[in-house]
Amino acid sequence: MSWTDADRERRSVDSTVTEPPTPPPYGQPPQQAALPGCWWHPARQTGLRCVRCDRPACPDCLREASVGYQCIDCVTSAQQHHRARSAAYRRAGLGSRTVAGARVPQRVVVVPLLIAVNVIVYALTVFQARDVMSNHNSPVFNDGVLWPEVVVLFDEWWRLLTSGFLHYGLLHLAMNMLALWVLGRDLEMLLGRVRFLAVYFLSMFAGGAAVFVFGDPATGTAGASGAIYGLMGAILVAVLRLRLNPTTAIGIIVLNVIISVSIPNISLLGHLGGLVAGAVAMVAMVYAPEKNRAAYQAGALAIVAVALVGLVVYRDAQLADQVCGAYPALCGA
C-alpha cells in the first residue's frame with residue numbers, strides 16, 4: 001500500500017495516529033541505540049547493570065549476589081560495612097560463644113604459632129649440634145632441658161617450661177607437632193586463643209612438675225608431650241561436656257599411655273602429669289557457671305598452678321640435701 005499526499009495530510013491532522021517508522025533498506029539490520037560503556041572500562045559496551053547502584057558494568061566488574069549481580073565497588077563497600085559492624089559487635093562483648101565462654105574465632109592462629117616456635121627451636125639446636133638426630137648436643141638444648149638436680153643446684157626453674165619446646169631428634173618433633181596440629185585446632189576453636197594457651201602451658205608445666213617431683217633427678221627430660229597429653233585430657237572433657245560419644249577419645253588416650261609404658265626412654269610421668277592437669281583445667285573451662293565465668297576459670301587455673309608450684313617447692317627442699325651430698329663443692333659455692 002502506498003501513501004498519498006491526502007493520506008499524509010489526514011495523518012498529520014489526526015494526532016492520535018502515528019506514522020510507522022521507515023523500515024531499513026533490504027538486507028541491513030535495524031539500527032539500535034548505542035549501549036553504555038562499563039563504568040570502570042568505558043571502552044566496553046554493556047547491557048548489564050549493578051542491581052544496587054544501577055551503574056553499567058561489564059561481566060568482569062560484576063559479582064554474583066543473593067539477588068542479581070553487584071558491581072565490585074558495591075561488593076567492597078558491603079564487605080567493609082560488615083567487618084566494621086562485626087568488630088563493633090565483638091567489642092561490645094556480643095556474638096556467638098562456645099561452652100567455654102569464648103567467642104568463636106575466625107581462624108586458628110595459636111596452634112600454627114606454637115608449631116613454628118617448636119620447629120625454630122629444633123632448627124637452632126640442629127644448627128649448633130651440626131646433627132639432625134643428635135641435636136641434644138647443642139648449648140641451647142643443654143640450657144633448656146629439664147634436669148631436676150641442675151634445677152636444685154642452680155635454681156634454673158625456667159627449665160620446667162623451656163624443656164617443653166625441645167625435642168630429641170626429628171621423629172620426636174614430628175610426632176608431637178602432628179599431634180598438636182590434630183588436637184589443637186578443635187580445642188582452639190572451642191576455647192579461644194587465651195584459654196587455649198592457658199590450658200596448653202598449664203599442662204606443659206604440670207608435665208615438668210611431675211617429672212621433677214616423682215622422677216629421677218639425674219635424668220634429663222624434654223619434649224612437648226606433657227602439653228600434648230594435656231590436650232588429650234581436655235578433648236575428653238570437652239566430648240563429655242558436649243554429650244558426644246567418648247569412645248574415640250578414650251581409645252586414643254589409652255593407646256598413647258600403652259605406648260608410653262611399652263617404649264623405653266619415654267617420660268610416662270610427664271605424660272600423665274600433663275594429662276591430669278589438662279583434664280582438670282578443661283573441667284574449669286567448660287563447667288564454670290555462666291555468670292562471672294571468666295573469674296571462675298581464672299581462679300580454678302590459679303589454684304592448680306599454685307598447687308603445682310607447692311609440690312615443686314616441697315620436692316626441691318627434699319632434693320636439696322640429696323643433691324648437695326652428691327655435689328658438695330657446688331652447694332658450697
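1. Contact, as the word is used in these notes, means heavy atoms within 4.5 Å. With that cut-off, and leaving aside neighbours within four places in sequence, V312 is in contact with W157, L160, A209, F212 and V213. Please keep in mind throughout that this is a predicted model.

2. On the overall make-up, the protein has 13 helices and 2 strands, and of its 333 residues 38% count as buried.

3. The unreviewed UniProt entry lists residues 108-129, 165-184, 196-215, 221-240 and 295-314 under "transmembrane region". Two of these annotated spans can be set against the model: residues 108-129 are 91% helix and 0% strand, with end C-alpha atoms 33 Å apart, while residues 196-215 are 95% helix and 0% strand, with end C-alpha atoms 27 Å apart.

4. For helix α3 (residues 110-129) and helix α7 (residues 169-191), the axes come within 9 Å and cross at roughly 170°. Angles over 145 degrees count as roughly antiparallel, and α3 is therefore roughly antiparallel to α7. On the α3 side the contact is made by V110, V111, P112, L114, I115, N118, V119 and Y122, and on the α7 side by G169, L170, L173, M177, L180, W181, G184, R185 and E188. By class, the residues of this contact between α3 and α7 divide into 12 nonpolar, 3 polar and 2 charged.

5. Helix α7 also packs with α9, at an angle of about 35° and with the axes 9 Å apart, and the crossing of α7 and α9 is left-handed. Here H172, N176, A179, L180, L183, G184, L187 and L190 of α7 meet S225, I228, L231, M232, A234, I235 and A238 of α9. The contact of α7 with α9 has 11 nonpolar and 4 polar residues, and no charged ones.

6. What angle do the axes of helix α8 (residues 193-214) and helix α9 (residues 225-241) make where they cross? The angle is roughly 125°, and the axes come within 7 Å, which makes α8 oblique to α9. The crossing of α8 and α9 is right-handed. Those taking part are F196, V199, Y200, S203 and M204 from α8, together with G226, A227, G230, L231 and A234 from α9. Sorted by class, the contact of α8 with α9 holds 7 nonpolar and 3 polar residues, and no charged ones.

7. H271 is placed in helix α11 (residues 268-286) and, at 8% relative accessibility, counts as buried; not counting residues up to four places away in sequence, H271 touches S225, G226, Y229, S260 and I266. V286 lies in helix α11 as well and is buried, with a relative accessible area of 2%. Apart from neighbours within four places in sequence, V286 is in contact with V99, A100, V237 and R241, and the C-alpha atoms of V286 and L191, which are 95 residues apart along the chain, are separated by 8.7 Å.

8. To return to the residue of the first point, V312 lies in helix α12 and is buried, with a relative accessible area of 4%. V312 and W157 are 155 residues apart in sequence, yet their C-alpha atoms are 9.8 Å apart in space.

9. D155, in the loop between α5 (148-154) and α6 (159-162), has a positive phi near 55°. N292, in the loop between α11 and α12 (293-326), likewise has a positive phi near 55°, and at 52% relative accessibility N292 counts as exposed.

Terms used. Residues are numbered from 1 along each chain as its sequence is written. This is a predicted model: local features need pLDDT of at least 70, side-chain atom pairs count only at pLDDT 80 or more; totals for chains, interfaces and linings use all residues. Side-chain values use heavy atoms; hydrogens and water are left out. UniProt positions are given in the numbering used here, feature names are shortened, and annotations may be inferred rather than shown by experiment. Helices (H or I, at least four residues) and strands (E, at least two) are DSSP runs, numbered from the N terminus. Axes are lines fitted to C-alpha atoms, for helices over the stretch in contact, and angles run from 0 to 180 degrees between N-to-C directions. Angles under 35 degrees count as roughly parallel, over 145 as roughly antiparallel, 65 to 115 as roughly perpendicular and the rest as oblique. A crossing is left-handed if the near helix is turned anticlockwise from the far one by less than a right angle, and right-handed if clockwise. Ala, Val, Leu, Ile, Met, Phe, Trp, Tyr, Cys and Pro count as nonpolar, Asp, Glu, Lys and Arg as charged, and the others, Gly among them, as polar. Buried means under 20% relative accessible area, exposed over 50%, partly exposed in between (1.4 Å probe, protein chains only).
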